[in-house]
Each structure stands twice: as structure tokens, then as C-alpha cells.
Amino acid sequence: MKLSDAAKKMIISISAITLICILGSAVYYRSPDFLPFMYGVFLGSLVSIVKVFLLEHAVDKAITMEQKNAGNYVGVQHMLRLLLSGGALILGALVPQISFWGAAAGILAFQFSTYSLKFT
């Protein structure tokens, strides 16, 4: 599957936000206590990157469909992406080795990368 330029920019932006969050937590904690946050950021960022691929696939497929079916398909795909984000947040909340706030930061990287597209 070939990615569009916007999807590539989003993945690069998500990766940059991930590194900034990890470096910030390492500086803040200055000990191995930052590892749960790092695992959470990795989990959330992985989910965000998967969401970029899913969004790209959904848009490509919806373009070839008729309008009513495309609207339903895009709506279902959006709900699946939200469930994926919710699953990562639940993992962050229930697994002690993964920080909930780290997972939230990684998931929010998707939204920040979307907004950054306007400025790049």
C-alpha cells in the first residue's frame, strides 16, 4: 500500500512527538522510573500510526464506493479507530507496567500530527 504525502508527514510528526515525550519524561524522572511512561507512549504512538494506516485505507476505499455506502463505511471505520484508541487506554489503565498518561500522550499525537499538517 502506497502512503500519501500527508500520511507520511503524520507518521513523522507522531514519531517526533513520541521522542519529545520520552525525552521529557527521562529528564523529569532522571531514573528508570520513566519506563512505564515510555511504554505507554510507545503503545499510544503505535496505535496512532496504525490509525493513520487505517484512515488512509478507509479513504482510498471510500473513494471507489457510491456515496451512501461510502458514508456508512467511513462511519464504521471511525468507530473502529476509536475502539482501538479506547483499547490502548484501557491497557494503560489496567497494566501497571504501562502508564495511562503515556498512552494518552501517544494517542493524542495523532491529533497533534493532524493539526501540524496545516502548518507544514
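Trainee: Which helix gives the most to the nonpolar patch?

Mentor: Helix α2, which covers residues 35–63, gives the most, with 3 residues. Helices here are DSSP runs of H or I with at least four residues, strands are runs of E with at least two, and both are numbered from the N terminus. Please keep in mind that this is a predicted model, in which local features need pLDDT of at least 70 and side-chain atom pairs count only at pLDDT 80 or more, while totals for chains, interfaces and linings use all residues. Residues are numbered from 1 along each chain as its sequence is written, and side-chain values use heavy atoms, with hydrogens and water left out.

Trainee: Which residues form the patch, and how much area do they have together?

Mentor: The patch consists of Leu46, Val50, Leu54 and Leu84, which together have about 290 Å² of accessible area. That area comes from the Shrake-Rupley method with a 1.4 Å probe, and for residues only the protein chains shown count as cover. A patch takes residues with over 30% relative accessible area and no salt bridge, joining nonpolar side chains (Val, Leu, Ile, Met, Phe, Trp, Tyr) within 5 Å and like charges within 9 Å.

Trainee: Is Leu46 buried or exposed?

Mentor: Leu46, which sits in helix α2, counts as exposed because its relative accessibility is 53%. Buried means under 20% relative accessible area, exposed means over 50%, and partly exposed is in between, using a 1.4 Å probe and protein chains only.

Trainee: OK, zooming out, what is the overall make-up of the chain?

Mentor: The chain has 4 helices and 0 strands, in the order α-α-α-α along the sequence. Its C-alpha trace spans about 55 × 35 × 20 Å along the principal axes, and 36% of the 120 residues are buried. The chain exposes about 7600 Å², of which carbon and sulfur atoms supply 72%.

Trainee: And what share of the contacts comes from residues 24 or more positions apart?

Mentor: Among contacts with a separation of 6 or more, such residues account for 71%, where contact means heavy atoms within 4.5 Å.

Trainee: What about Ser25, where is it and what does it touch?

Mentor: Ser25 is in helix α1, and it is buried, since its relative accessible area is 6%. Beyond neighbours within four places in sequence, Ser25 is in contact with Arg30, Phe34 and Phe37, and its C-alpha atom is 8.8 Å from that of Leu35, 10 residues away along the chain.

Trainee: Where does Arg30 sit, and what is its phi?

Mentor: Arg30 is in the loop between α1 and α2, and its phi is near 50°, a positive value in a residue other than glycine.

Technical notes
Salt bridge = Lys/Arg side-chain N within 4 Å of Asp/Glu carboxyl O.
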